[in-house]
Amino acid sequence: MAINRRSYNFNNVDEIKSRCNIVDVIGRVVTLKKAGSSYKGLCPFHNEKTPSFSVDETRQSYKCFGCGEGGDVISFVQKYYSLDFMEAMELLAKEYGIELKKNDQSSAHSKEYYEINRLAARFFYRALREHNNPGYTYMRRRGISDETLNTFGIGYADEEWTSLTNHLVNQGIDPARLVEVGLSSEKDGRYYDKFRGRVIFPIINTGGKVIGFGGRIIADGEPKYLNSKESSVFQKKNNLYALNVTKDYVKKEDRIILVEGYMDVISLYQAGIRNVSASLGTALTENQARLIKRYTSEVILSYDADAAGQKAALRGLDILYGEDLRAKVLVVTDGKDPDEFIKAKGRDAYLKLADEALPFGDFKLKKAAEIYDITDNQQKLRYIRDAIRILKGMKPVEADMYLGRLSEETGISEEAIRREYESGKDNQNQSAFAAIIGREQSAEDEISEAEQELLKLMLIDSDFVKLPEDIQDDVFRDRISSSIFTAIKAVDKGERPLDMGRITDQIDIECSQMLNMITSKVIPGDREKDIYEDCIRFIRTRKLMKEADHITARLRDPDIDKQEAAKLMQRQIEIQRSIKG
């Protein structure tokens, strides 16, 4: 049955353009080299020996100064793969996991949502500037100037129940639309304001459209911060707060400082640190990282100093690293958050901390070391194992820099540490698709855990020893886990418990140490099958990611013909769909 492409709603063209980085898409089929603020390469649409094909990551556009071809990411896919507009949209949407919904009432009102948000932002803006209100008093007490309030369009929602709702309804707006966009709530047929008694921070995308709001309560009450609900125009995972204001500063400084809250951004900006932005109350996402990548390749995470902030920094590092961004962590020494620090210590002190921010590897190893007492030999060994797992999740050249440092720190010979590192090096997977698995640790760390759990299950029940045929050669790629698996199979006759002495007779000391750690694991009896299925799913995902990496490498070959490239791109889409499923 043919698809009626006209039935699709394409108001999310903006979403596709924002999430499909044109440099990544074109870079699969054209070898691009950085040239100033843009990228250069040989035009794929006519024969040339001198590069005249330019890709601008900031504007998300391409232009050939030889043949005159130009456009955005959608028009490039159309032209290169000989597709019509809607086919190009569908191809990109599938690849980047964007759902192209058919025309429905919600998506059909996207333009109206933008207009409603614009009118609401003006209403809140004017309300704050009456000055005789708790919102203005609160912001001035926090040290925020009128100029800064104006720059960010900050507003105020009074404590009345229907101020905004009545104002917009009087302008002819259906109150049901206000509920859909998250500005009003409804009960028993009566509509009332969602934001009351709050300072309002409008959230504006890089295209200058108001997509939502954040509200900070002024008096006591919960929640402290309240955001607009998600809609066809507001999806937190795809946007960053204040980047519409700060993107030019980010590009000029060639680095961005990423903080957690609205007030952190505003205070840093007012203090003169303007290459700053914030996530919208959620953990950093791949889409946000790709958005950052348009303006800079260096990110400094400046999260709160508490445990939650540091945990968020670790998660954010993995996301950024997976997107090939240079990630660092700024550790605030005085005060809980950047807002407090900048007010207490000033701009220069904060910039000094930014310059001293710890790179990806340094911070992760530092946090790992804090768990252990390395004067104790057993804890030292556990720390080394954790450190090696971290290093295996890094690019080999970077990891090599840390091996000697790890030796100096622990007093263990570099040769021994290097041998341990090399023993499972082939397991590492540098693909950005690793983030799809959606966990907090590195891919290598997860692979080791999956293998350990499978081996533990095999020691419990012989039914788990026989692995699915499609992944038998892909499960135990590490020398140690492979050796233990071979030993289990050699002595296994179905009886449990197994004779551990016969197993250890067949493996070396390193394998025996790992086996001891595996046997100490506790797996609930009622979850054995579930855990086994989780591990198998992970192995299959890992196998798919490896295939995806090979496809990506092949697509970068300048000699690849268009027919093969189209087939490979379709396979890439199928792989991503399988992984996400």
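**Close-up 1. Contact between helix 18 and helix 19 in the predicted model.** On the helix 18 side, Lys380, Tyr383, Ile384, Ala387, Ile388 and Leu391 meet Ala399, Tyr402, Leu403, Leu406, Glu409 and Thr410 of helix 19. By class, this contact of helix 18 with helix 19 consists of 9 nonpolar, 1 polar and 2 charged residues. Two packed helices are described by the angle between their axes and the distance between the axes. Here the axes of helix 18 (residues 377–392) and helix 19 (residues 396–410) come within 11 Å and cross at roughly 170°. Helix 18 is therefore roughly antiparallel to helix 19, the cut-off for that term being over 145 degrees.

**Close-up 2. Helix 22 and its buried residues.** Helix 22 spans residues 479–491, 13 residues in total. From first C-alpha to last it reaches 19 Å, close to the 18 Å expected at 1.5 Å a residue. Ile480, Ser481, Ile484, Phe485, Ala487, Ile488 and Val491 are buried in this helix. Because they cover an arc of only 160° around the axis, these residues lie on the same side of helix 22. An α-helix has 3.6 residues a turn, so residues three or four places apart point the same way.

**Close-up 3. Surroundings of aspartate 158.** Aspartate 158 sits in the loop between strand 6 (155–157) and helix 9 (163–169). Its relative accessible area is 26%, so aspartate 158 is partly exposed. Leaving aside residues up to four places away in sequence, aspartate 158 touches Ser163, Phe195, Arg196 and Gly197. Aspartate 193 is 35 residues from aspartate 158 in sequence, and the two are 9.7 Å apart in space, C-alpha to C-alpha.

Key
Residues numbered from 1 in each chain as written. Predicted model: local features only at pLDDT ≥ 70, side-chain atom pairs only at ≥ 80, totals over all residues. Heavy atoms only, no water. Axes fitted to C-alpha atoms, helices over the stretch in contact; angles between N-to-C directions. Helix = DSSP H or I, 4+ residues; strand = E, 2+ residues; numbered from the N terminus. Parallel < 35°, antiparallel > 145°, perpendicular 65-115°, else oblique. Contact = heavy atoms within 4.5 Å. Nonpolar A, V, L, I, M, F, W, Y, C, P; charged D, E, K, R; others polar. Expected span 1.5 Å × (residues − 1). Buried < 20%, exposed > 50% of the residue type's maximum accessible area, 1.4 Å probe, protein only. Arc of directions from axis to C-beta.
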